[in-house]
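This briefing goes through one protein structure by topic. Look at the sequence and the 3D view before reading the points below.

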Amino acid sequence: MDTLFTYLVVAAFLVLLTLPSLAGHARDRAVDRQLRRAEHPAGAARPAGARPVAGRPARTALAQKSSSRSTEPSTATW
């Protein structure tokens, strides 16, 4: 009986330690789904099976511009 109680205590600690992580993961997935839905409205044409690449922002022509000046080396030393 003592062994069963020990197993139950260890299992309870395991659940208490992993529950916040699993809840955060579930929340992140829900936010990802919301962002995906907002990115592609219901009426927009989207190829079948097309999924956005995770972690990579969409590239646009105006997203990043290079400077017309040449770069100068940094003189900061610390």
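The protein chain exposes about 8100 Å², and carbon and sulfur atoms supply 60% of that area. The model is predicted. Its protein chain has 78 residues, and buried residues make up 0% of them.

**Secondary structure**
- The protein chain contains 1 helix and 0 strands.
- Helix α1 covers residues 2-39.
- Arg33 lies in helix α1, and Leu16 has its place in helix α1 too.
- His40 is found in the segment after α1.

**Positive patch**
- Four arginines, Arg29, Arg33, Arg36 and Arg37, gather on the surface in a patch of positive charge.
- Arg33 has a relative accessibility of 40%, and a residue is called partly exposed when its value lies between the 20% limit for buried and the 50% limit for exposed. Arg33 therefore counts as partly exposed.

**Nonpolar patch**
- A nonpolar patch on the surface is formed by Phe5, Val9, Phe13 and Leu16.
- Together these residues have about 430 Å² of accessible area.
- Leu16 counts as exposed because its relative accessibility is 58%, and exposed means over 50%.

**His40 and its contact**
- Is His40 exposed or partly exposed? His40 counts as partly exposed, because its relative accessibility is 31%.
- The side chain of His40 makes a polar contact with the side chain of Glu39, at 3.4 Å.
- That distance of 3.4 Å can be set against the cut-off for a polar contact, which is a pair of N or O atoms within 3.5 Å.

Terms used
Residues numbered from 1 in each chain as written. Predicted model: local features only at pLDDT ≥ 70, side-chain atom pairs only at ≥ 80, totals over all residues. Heavy atoms only, no water. Helix = DSSP H or I, 4+ residues; strand = E, 2+ residues; numbered from the N terminus. Buried < 20%, exposed > 50% of the residue type's maximum accessible area, 1.4 Å probe, protein only. Areas by Shrake-Rupley, 256 points an atom, 1.4 Å probe, with all protein chains shown as cover. Patch = residues over 30% accessible without salt bridge, like charges linked within 9 Å, V, L, I, M, F, W, Y side chains within 5 Å. Salt bridge = Lys/Arg side-chain N within 4 Å of Asp/Glu carboxyl O. Lys, Arg positive; Asp, Glu negative; His and termini not counted. Charge placed at Lys NZ, Arg CZ, Asp CG, Glu CD. Polar contact = N/O pair within 3.5 Å; in protein donor to acceptor, adjacent residues only side chain to side chain.
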